[in-house]
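Biologist: Hi, could you walk me through this model? I'd like to ask things as they come up.

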Amino acid sequence: MKALFLPAKTYRLNGRLWLETDDGRFLGIGRLELLEQIAALGSISKAAQAMGMSYKRAWDLVSSMNAQATSPLVATQTGGARGGGAVVTEAGQVAITAFQELQTRFQAFMTLETQRLQE
């Protein structure tokens with residue numbers, strides 16, 4: 001492949017990783033960030049706002065993840081005296097950690113393959 005490269009250019013691999021089912025995406029970088037924001041802020045609405053996305057989009061993503069997992073990744077609580085909120089469940093924490101580790105391995109693979117292109 002190197003024969004195709006222009007000498008004055010630096011080539012590198014780039015890509016994004018996501019985990020999906022036949023029903024669509026389950027986890028990816030954006031969904032991971034959403035889970036992390038919910039864990040930090042205790043609210044889907046606040047997480048969406050922090051990420052610059054609509055509440056509906058964030059809710060749809062949470063609903064999709066919850067529907068594709070054996071147990072919910074995010075649990076919600078409706079209003080009341082203390083107001084509503086959301087928490088990342090134990091399963092959600094497992095998903096965050098596992099996907100972060102997967103992402104680290106993916107980036108290492110991309111770095112290695114980029115080095116091979118430059119040999």
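**Chatting through the model**

Modeller: Happy to! Thr-89 lies in the loop that runs between strand E4 (85-88) and helix H4 (90-118). Helices (H or I, at least four residues) and strands (E, at least two) are DSSP runs, numbered from the N terminus. Keep in mind that this is a predicted model: local features need pLDDT of at least 70, side-chain atom pairs count only at pLDDT 80 or more, and totals for chains, interfaces and linings use all residues. Residues are numbered from 1 along each chain as its sequence is written, and side-chain values use heavy atoms, with hydrogens and water left out.

Biologist: Does Thr-89 count as buried or exposed?

Modeller: Thr-89 counts as buried because its relative accessibility is 19%. Buried means under 20% relative accessible area, exposed over 50%, and partly exposed in between (1.4 Å probe, protein chains only).

Biologist: And what does the side chain of Thr-89 reach?

Modeller: The backbone oxygen of Pro-72, at 2.6 Å. Thr-89 also touches Leu-73, Val-74 and Ala-75 as well as Pro-72, leaving aside residues up to four places away in sequence; contact here means heavy atoms within 4.5 Å.

Biologist: Switching topic: how many salt bridges are there in the whole structure?

Modeller: The search finds two, a salt bridge being a side-chain nitrogen of Lys or Arg within 4 Å of a carboxyl oxygen of Asp or Glu. Asp-60 pairs with Lys-56, with the closest N and O atoms 2.8 Å apart. Glu-113 and Arg-116 form a salt bridge too, at 3.2 Å from N to O.

Biologist: Where do Asp-60 and Lys-56 lie?

Modeller: Both are in helix H3 (residues 55-68), four residues apart, about one turn of the helix. Lys-56 counts as exposed because it has 55% relative accessibility, while Asp-60, at 35%, counts as partly exposed.

Biologist: Why are Glu-113 and Arg-116 separated by about one helical turn?

Modeller: Because they are three residues apart in helix H4. Arg-116 is exposed, at 51% relative accessibility.

Biologist: Now the largest nonpolar core. Which residues touch the most other members?

Modeller: Leu-34 and Ile-38, out of 23 residues. Two or more residues each come from strand E2 (24-28), helix H1 (29-41), helix H2 (44-51), H3, E4 and H4. H4 gives the largest share, five residues. A nonpolar core is a set of buried Ala, Val, Leu, Ile, Met, Phe, Trp, Tyr and Cys residues joined through side-chain atoms within 4.5 Å.

Biologist: What does Ile-38 touch?

Modeller: Leaving out residues up to four places away in sequence, its contacts include Ala-47, Val-62, Val-74 and Val-88.

Terms used:
A polar contact is a pair of N or O atoms within 3.5 Å; within protein, one must be able to donate a hydrogen and the other to accept it, and residues adjacent in sequence count only if both atoms are side-chain atoms.
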